[in-house]
Amino acid sequence: MTTRRKVLLGLAGAGGAAIAGGTIYSSFANDDEDSGSGSDIVLNIGGDWPFAVPTAKQAKADPNVKALSEALGAWQDDNPGVRLKKITVKIWEQKHLVTAISGGSGPAMFPGLVVGNWNGGATKVAFQQGLAADITDLVKKYKFDDKIADFAKPQWEGWPVNGKLYCMPDSFNAGNGIYYRRDLVAKKGLKEPGLGWTWDDLRTLVAGLTTDRMKGAAFQKWGMNWPLVAQGWGLLTRVPAPSQKWHWKYDYTTHAALWTEFIELYRGMIYKDKSAFSDSTLMDGEVTAAFTQGRAALFGNNIGFFFGDPDTDNTLPNMAKRMDKPIGELVGFVPHPVGKTGYYGASSPFMGVTSFSPDLSEEALDKAVSLQNFLTYGKGYVIRKQALWNETKNLQKVYTDPTPINGMTQIEGIKGDMAEAWGPEIVKAAEISAGLSTLPDEGAYIPAEKDAGPPNTPVEDMHSHWAFEKGKVDIRADLKKLTDTHNQQAKGFTSSVDKADFAAGAEKYYAAVTEFWQEKAPDFVSEVLEPWLADVVKPSLEA
Amino acid sequence: MARIEVEKIVKRYSDVEGVGGARSARPALDTVSLDIADGETIAIVGSSGCGKSTLLKIVAGLEQPDEGVVRFDGEDVTAVRPQARGVGMVFQDYALYPSMKGKGNLAYYFQVHGRTEEEARARAQETADRMGIGFEQLLDQSTDTLSGGQQQRVAIARCIVREPRLFLMDEPICNLDAKLRESTRVEIRKLLRKFGISTLYVTHDQQEAVFMGDRIAVMRGGRIEQIGTFDELYYSPANLFVATFIGSPPMTVLPAIASGGLLTVAGAEWPAPVPVPDGPVRIGIRPESWFTGRGDGALMTVSHIERIPTERAAFVHGQVDGVPVVVAAPLNQPDTAELRIMPDMGRVYVFAADGEQCLHTPGPLDLF
Amino acid sequence: MAASQQHTPVEEEAPAAARPGERETAPGPAGGPPASTKPGTQKPGRRRRVETTLFTLPAFLFQLSWGWYPMIMAFVLSFTDAALRRPVQFTGLESYQRIWDDPLVAQSFRVTAVYTVLSITLTFFIPIFVAILLMEMSRRHIRWMMLLWFLPLSGVASTVLFRYMFNAQYGLFQWVATKVLGLPPQPFLNSADQVLFWLVVPGILFFGPGLIYMATLQSIPASYFEAAEIEGAGFWRKMWTISLPRLRPIISMLLIFAIIGSTQAFEFPTIMTGAEGSPGGAARTVVMYLFQLLQQLRYADATALGVYLFVITMTLVVIQRRFFREDPDT
């Protein structure tokens with residue numbers, strides 16, 4: 001019955017949307033609601049995102065909700081005639097959200113990346129299919145370009161889709177890195193990792209941390225991706241080919257030596273050193289639990305994991321509380337190790353964005369953006385943080401985001417700032433991680449496609465094959481097979497971008513890449529990038 | 001053909017398999033002995049749960065007795081597996097092999113024993129001839145498409161085809177409708193006569209038992225109460241149970257007081273058929289042994305009259321002193337609320353006042 | 001399946017209700033049968049037809065709007081670009097071609113085929129023989145086994161349970177392999193060669209149709225086996241000539257369910273192998289791949305793949321029906 005399920009997704013009219021009639025938040029209703037004023041604007045807030053529409057009763061009982069009520073009230077004073085209506089929608093599930101939006105019953109605003117299932121490329125495709133409103137002018141009106149923190153700016157440049165914007169920035173994650181037990185590193189006299197460390201360093205460290213009871217590292221099922229990205233996977237495995245129907249071709253064999261070396265390194269940790277473990281079912285939660293429970297001394301994840309609730313099991317603050325040590329002394333965080341020639345990329349900070357319903361009227365759209373602006377960059381943010389502080393007097397519960405996109409690491413009325421809450425080490429680590437975020441984004445140079453093109457599935461397949469297949473693996477044969485599979489898939493797609501535009505964009509992109517790495521990792525440029533651009537990319541672009 | 005001896009068989013079901021799951025206190029078969037002469041048909045009759053089917057299974061070898069011996073032609077076969085005993089069994093539900101034609105059912109035995117197909121075919125042909133007209137057509141049909149009677153014929157043929165020493169029939173016709181039952185009964189009887197194979201025929205229907213059996217064994221509670229010809233059972237029952245079990249409608253049993261050669265029953269006084277010690281006794285009278293309309297009879301309140309035109313007779317049902325009584329009468333017996341009845345004292349059975357002991361039986365009817 | 005169940009009554013009732021009507025329009029050649037043509041006797045028939053319609057109408061409408069309409073629309077959609085918020089464009093067989101050429105689609109069909117064969121062998125046929133063997137046991141054992149098969153384990157609960165059992169570090173299976181059997185640590189779900197086998201194994205115990213077989217076997221009168229025993233049939237022959245033929249209708253029905261179920265395998269492999277069907281896509285079934293297409297918003301491609309799968313499943317079911325109809329006796 002899969003076909004049915006699918007159709008329900010695709011059919012706007014089939015009424016499969018997971019929407020139930022909502023209740024209008026009357027305490028924020030205009031005073032003359034009963035008069036039936038036709039000018040009222042109703043904004044549907046779904047899935048308790050970005051907030052759960054509060055009721056008067058809840059506001060009385062919960063200081064947090066009270067703060068939210070206050071904030072919303074302040075906004076409504078400036079925006080009379082706007083009502084907020086709570087609707088039911090599974091906003092974090094792509095399938096449900098896309099169905100609701102397609103059916104015209106979606107929420108007024110939603111996390112933009114959900115429609116692309118957290119994939120930037122797919123999200124942009126969804127935008128072009130009309131799943132989000134064009135807010136180019138509103139972004140200008142509300143000056144988001146000026147409001148976002150400096151570290152987020154390069155990321156933001158990648159979001160325009162053919163000159164249009166379908167989302168606004170609402171959060172920033174300083175990206176992935178490696179968490180490790182500082183106390184154990186010190187105890188065993190191992191060398192503490194730092195910016196620019198290598199994968200060989202990591203392997204040594206992990207082996208040194210391994211004991212009978214504790215593995216040196218736990219990796220999520222996608223852990224194999226990290227060392228490969230450090231070698232330039234992603235950048236070096238796709239060749240622009242404007243002469244082809246689909247403007248990219250895939251090549252995993254040219255740099256087989258680079259890949260093979262690091263695949264063997266990763267496998268070496270798991271199968272030879274037996275210092276790390278991974279599994280096809282390990283996700284963020286499992287590896288974090290392994291770390292906090294003392295089954296692994298190191299794991300990789302984004303910096304947000306520092307800022308968990310100290311009162312919830314298997315969070316890092318909880319672990320520190322349990323072990324009665326300052327978290328900064330117990331746990332260290334460092335960006336991912338770099339590749340052989342200094343390339344990096346696995347840390348990939350990412351930006352959270354808010355998109356808006358394509359069905360909103362011009363006026364309603366403006367109000368929706370205004371509300372999210374108010375809550376993210378304006379007074380709404382401050383009111384809520386202040387309320388949290390007043391309630392808990394716990395800085396760790398106030399400053400839950402090390403890299404707030406609005407740059408507010410200190411808020412008036414709250415005694416203490418980010419550094420005081422978490423300690424200087426962690427704030428520093430976050431700053432360093434955020435500072436890495438300036439890799440050139442291909443989306444800023446090459447026009448976006450209407451189709452996502454061949455998926456990354458064959459690559460993920462090979463990664464899991466290399467990571468989990470215990471016996472011997474023939475990496476070179478696998479790379480060849482991967483190349484064939486991916487190119488075969490690509491044949492079925494047609495680029496929507498003009499050949500010449502694509503070629504021009506690609507040229508600019510590679511120029512930017514070269515310039516970027518010239519500064520960060522000159523060895524990479526001279527040894528890997530330039531020969532490749534000259535021998536492979538250039539002929540392909542000119543073909 | 002064989003002479004079968006069953007000697008002092010005891011069978012207990014010790015597992016939870018007993019009826020109702022409880023450990024049954026009394027054995028399913030309690031020291032049962034039985035001889036079947038060569039070519040004789042013995043009908044075993046009894047109500048359900050009396051152990052008649054268990055006895056059949058023990059003779060077949062499907063069940064092992066806890067005590068006792070089964071002999072075929074003097075040879076102890078108690079431990080012999082069923083297939084080696086050379087018995088043929090016919091079941092109530094026919095138990096024809098599903099998804100096989102009649103032919104396949106007949107050939108099954110030969111296939112199991114690795115005989116040639118020619119032999120199987122020849123024997124099937126032979127059997128079909130012996131089974132009579134129209135039987136051969138049944139062999140080419142799927143057993144699911146046959147009627148109950150036809151299925152039973154195939155089932156019987158399946159037994160005959162391999163010439164068993166002993167035939168075991170477990171209520172073979174009780175699933176058929178009344179009319180078919182009648183004709184099949186006749187047919188089986190004819191076949192048994194024709195083949196002259198020793199047969200154990202189990203039924204709960206005494207009429208059927210009477211019709212089929214050269215001798216009849218009446219079973220109750222895991223025991224054989226009496227074995228004999230119908231006349232023996234009918235006129236000389238071993239005890240009150242056999243006396244009331246055999247005969248339809250059943251014998252009427254009335255309490256009586258004996259004193260000085262007279263029996264006082266419900267206010268009437270009748271001469272005792274034989275000398276009976278003074279005191280309470282019970283007398284049994286079969287429906288056909290009543291005289292009606294006699295002044296010195298007991299008063300019977302009539303509840304209804306069952307007229308059977310095909311038999312040119314009627315049965316008057318009623319009560320004497322609260323005891324149910326059935327009296328045979330002519331078909332034109334008038335409807336009356338009361339009836340004076342008196343037994344033919346020469347055909348009266350006398351039983352002890354308690355227990356089942358038989359004090360007097362009239363013996364076989366002297367017809368000539 | 002729900003469709004056929006709901007509509008069986010209609011099919012049965014319709015001819016019965018139609019019969020009096022036929023009689024009315026076509027009177028018998030011998031001047032018409034006497035009593036049956038009187039208007040009075042036709043009334044029940046007519047009313048029955050109206051009632052039948054009324055009673056089945058909701059089910060019919062429900063089935064139409066939720067069952068058939070989406071199915072037909074899916075088929076139509078597979079020939080378009082299935083754009084979400086702009087008019088769809090007819091693309092012909094483009095999606096079918098793309099899906100046909102996709103090496104991962106071929107792989108997912110191979111995976112599904114192996115999964116289906118394994119699943120049907122292990123969780124469908126083995127329970128038949130186990131059930132027959134069990135029937136040879138004492139009644140007490142039979143009862144326990146039936147209880148075990150009937151354990152009301154919810155799908156989610158047992159899936160969570162098996163995820164724990166297969167855990168490569170601390171799972172029960174690993175413990176049995178290393179500590180009890182003294183083997184080196186086993187990869188279980190982490191090996192491309194083993195993963196499908198291990199995905200099927202839980203079905204033997206908990207999702208197998210064993211209970212239904214046992215119930216059916218228990219309904220076979222003992223006399224069938226006794227008759228065969230008297231003729232000297234051994235265990236295998238009894239199984240072949242009595243148990244299996246008696247199980248045949250139920251096997252036939254369950255086999256269809258099993259085929260449909262395993263060709264559409266999705267949930268269990270998804271949860272157990274972390275959605276990607278790892279390692280290397282060795283456990284990615286067709287429906288799992290279809291789901292990935294949906295996540296990439298490739299609705300037309302996903303629909304086309306669904307149609308391919310439908311055709312194959314349907315073919316298997318038709319073959320199965322043929323095979324089971326090849327009965328010498330019917």
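# Exercises on a predicted three-chain model

Residues 54–77 of chain C are 100% helix and 0% strand, with end C-alpha atoms 33 Å apart. Helices (H or I, at least four residues) and strands (E, at least two) are DSSP runs numbered from the N terminus.

This is a predicted model, in which local features need pLDDT of at least 70, side-chain atom pairs count only at pLDDT 80 or more, and totals for chains, interfaces and linings use all residues. Residues are numbered from 1 along each chain as its sequence is written, chains are lettered from A and ligands numbered from 1 in the order written, and side-chain values use heavy atoms, without hydrogens and water.

**Exercise 1.** Find which residues of chain C the "transmembrane region" annotation covers.

*Solution.* Start with the record. The unreviewed UniProt entry lists 54–77, 113–134, 146–166, 195–215, 247–266 and 299–319. Its positions are given in the numbering used here, feature names are shortened, and annotations may be inferred rather than shown by experiment. Next, check the model. Residues 113–134 are 100% helix and 0% strand, and their end C-alpha atoms lie 30 Å apart.

**Exercise 2.** Work out which pair of touching chains has the most contacts.

*Solution.* Contact means heavy atoms within 4.5 Å. Two pairs of chains touch, and A with C has the most contacts. Chains A and B share no contact; their closest C-alpha atoms are 35 Å apart.

**Exercise 3.** Locate the nonpolar surface patch on chain C.

*Solution.* Apply the criteria. Patch residues have over 30% relative accessible area and no salt bridge, with nonpolar side chains (Val, Leu, Ile, Met, Phe, Trp, Tyr) joined within 5 Å. Areas use the Shrake-Rupley method with a 1.4 Å probe, and for residues only the protein chains shown count as cover. A salt bridge puts a Lys or Arg side-chain nitrogen within 4 Å of an Asp or Glu carboxyl oxygen. The patch spans about 760 Å² and includes Tyr164(C), Trp175(C) and Val176(C). Helix α7 (residues 172–180) gives the largest share, four residues. Val176(C) sits in that helix.

Notes. Patch = residues over 30% accessible without salt bridge, like charges linked within 9 Å, V, L, I, M, F, W, Y side chains within 5 Å.
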